[in-house]
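Please look over the sequence and the 3D structure shown here. A report on the inside of the model comes after them.

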Amino acid sequence: MQAFNLHHLEPIAAEKLAPSVYDFIAGGAEDEVTLARNRTAWEVLRIIPRVLVDVTSVDTSTTVLGRSVPSPVIIAPVALHRLAHEEGEAAVARAAASVGTIMTVSTMSSTRLEDVAQAADGPKWFQLYCYSDRAVTEALVGRAEAAGYEALVLTADVPRLGRRERDFRHGLSFPVDVMPVNFLDHLELASVPQDRQGSALAAYTASLLDPGLTWDIVGWLRSLTSMPLIVKGILSVEDARIAVDEGVAGIVVSNHGGRQLDGVPATAEVLAEIVDAVGENVDVLVDGGIRRGTDVLKALALGAKAVMIGRPYIWGLAIDGEAGVARVLEMLRLEFDLAMALSGVTSVSQIGRRLIRS
């Protein structure tokens, strides 16, 4: 892979992918203001390093929900990996396991959740959308727990799908052999409509997801499983506090990669206030625009336990399969290691708010 950092990956991957698939992965909602701001919000934060510190040995490891990981970088859920590479989620699972990090598997995976679990021994979380048919949702939770997934990640910010205009421009549809195979027992859910007048995914989501979800869903899900529950899609202190009151184990500060409501804050802009409100009670994670080891350092300085990455590992997958994903994770770990050393910290526990200025 001829790339020296994560920014280099995207144009290389774009050459390998069909334009509609590239835009499906890369694009955001409407004018993509939030998509762009997710990057710039990390860039404007400044690191204030300490000097004359012995950084001969730097330890990038941490724990998330009690699980030790070698660096605070976790695989975020992304749908339909086989759009990028024929081995799809299995290749990502092997890459994540090879570096010891956690993979979050999407409800909309193109490889059965059981097959992803068996592809590699590494730790895995299962991301859940709640369908209007609660029996389907309950079955997914039971299957994930039986397959050995360690946590359930409820995506809370998709009562309806955001208006992703790149998909409409292409008349987005998917190859017949790439589908959300976790629903093969429910063929009406596994078949994404081929809607050439708009976005097939938008039509699929509108017909099947439950727009009437409320916080009651958290208690219901917790009653189904012993897996800890994480709520993903939190941008407000108020919702973070409700999540804690509902007994969740963690939250992910996320705007869905700029793919839902355009014009919301970048995650870096609201992370600190959410951590200050609830961080002692739950593990707070963050995603959105993480591209450098310095971004990881800044996120932890603002109080996050770990970051989640999405698009970059998909670019690695498209370029070189399992090896490409592993390379993405290793590049980010090495950059984070260097950022720690040059900032004068030797362990994650030493990273704090004093390290950054806006």
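## Enclosed cavities

This is a predicted model. The count comes to two cavities of 30 Å³ or more. About 590 Å³ of space lies in the largest cavity. Its lining is made up of 35 residues, and those nearest the centre are Pro77, Val78, Ala79, His256 and Arg259. Helix 2 (19-26), helix 9 (200-208), strand 11 (306-309) and helix 14 (311-343) each give at least two residues to the lining of the largest cavity. Sorted by type, the lining of the largest cavity has 20 nonpolar, nine polar and six charged residues.

The second largest cavity has a volume of about 30 Å³. Phe24, Ile25, Val78, Ala79, Leu80, His81, Leu83, Ala84 and Ile314 form its lining. Eight residues of that lining are nonpolar, one is polar and none is charged. Val78 and Ala79 belong to the lining of the second largest cavity and are also among the residues nearest the centre of the largest cavity.

Helix 2 supplies at least two residues of the lining of the largest cavity. Is helix 2 largely enclosed by the rest of the structure, or left open? Six of its eight residues are buried, so helix 2 is largely enclosed by the rest of the structure. The buried residues of helix 2 are Val21, Tyr22, Asp23, Phe24, Ile25 and Ala26. Of these, Phe24 and Ile25 also line the second largest cavity.

Leu80, another residue lining the second largest cavity, is found in the loop between strand 4 (73-75) and helix 4 (88-99). Leu80 has a relative accessible area of 3%, under the 20% limit, so it counts as buried. Its phi is near 55°, a positive value in a residue other than glycine.

## The largest pocket

The largest pocket has a volume of about 380 Å³. It is lined by 23 residues, and the closest to its centre are Thr155, Ala156, Asp157, Val158 and Leu213. Strand 7, helix 10 (216-224) and strand 8 (229-234) each contribute at least two residues to this lining. Strand 8 has the largest share, with three residues. By type, the lining of the largest pocket has 15 nonpolar, five polar and three charged residues.

In soluble globular proteins, nonpolar side chains tend to be buried together. Here the largest nonpolar core has 105 residues, and Ile251 and Leu271 have the most contacts inside it. Helix 14 provides the largest share of this core, 16 residues. A second, separate core has 13 residues, including Val69, Val153, Leu285 and Met308.

Which residues does Leu271 contact, leaving aside its neighbours within four places in sequence? They are Trp42, Val253, Val284, Val286, Ala299, Leu302 and Ala304.

## An aromatic pair

There are four aromatic pairs in the structure. In one of them, the ring centres of Phe126 and Tyr149 are 5.8 Å apart and the planes stand at 70°, so the pair is edge-to-face. Phe126 lies in strand 6 (residues 124-128), while Tyr149 lies in the loop between helix 6 (134-146) and strand 7 (151-155), so the pair ties together parts that are 23 residues apart in sequence.

Phe126 is buried, with a relative accessible area of 0%. Tyr149 is buried as well, with a relative accessible area of 4%.

Arg222 lies in helix 10, one of the elements that supply residues to the lining of the largest pocket. Is Arg222 buried or partly exposed? Arg222 has a relative accessible area of 44%, which makes it partly exposed. Not counting residues up to four places away in sequence, Arg222 touches Leu229, Glu246 and Gly247. The C-alpha atoms of Arg222 and Val248 are separated by 8.5 Å, and these two residues are 26 residues apart along the chain.

Glu32 sits in the loop between helix 2 and helix 3 (33-43). Although Glu32 is not a glycine, it has a positive phi of about 60°. Glu32 is a charged residue by type, and it is buried, with a relative accessible area of 17%.

Conventions:
Residues are numbered from 1 along each chain as its sequence is written. This is a predicted model: local features need pLDDT of at least 70, side-chain atom pairs count only at pLDDT 80 or more; totals for chains, interfaces and linings use all residues. Side-chain values use heavy atoms; hydrogens and water are left out. On a 1 Å grid over the protein atoms alone, a cavity is a set of points where a 1.4 Å probe fits but cannot get out, and a pocket is an open set with protein on both sides within 12 Å along at least five of seven lines; lining residues have an atom within 4 Å of a point. Grid points are joined across faces, edges and corners, and a volume is the space filled by probe spheres set on the points. Helices (H or I, at least four residues) and strands (E, at least two) are DSSP runs, numbered from the N terminus. A nonpolar core is a set of buried Ala, Val, Leu, Ile, Met, Phe, Trp, Tyr and Cys residues joined through side-chain atoms within 4.5 Å. Buried means under 20% relative accessible area, exposed over 50%, partly exposed in between (1.4 Å probe, protein chains only). Contact means heavy atoms within 4.5 Å. Rings of Phe, Tyr and Trp (its six-membered ring) pair if their centres lie within 6.5 Å; planes under 30 degrees apart count as stacked, over 60 as edge-to-face and the rest as tilted.
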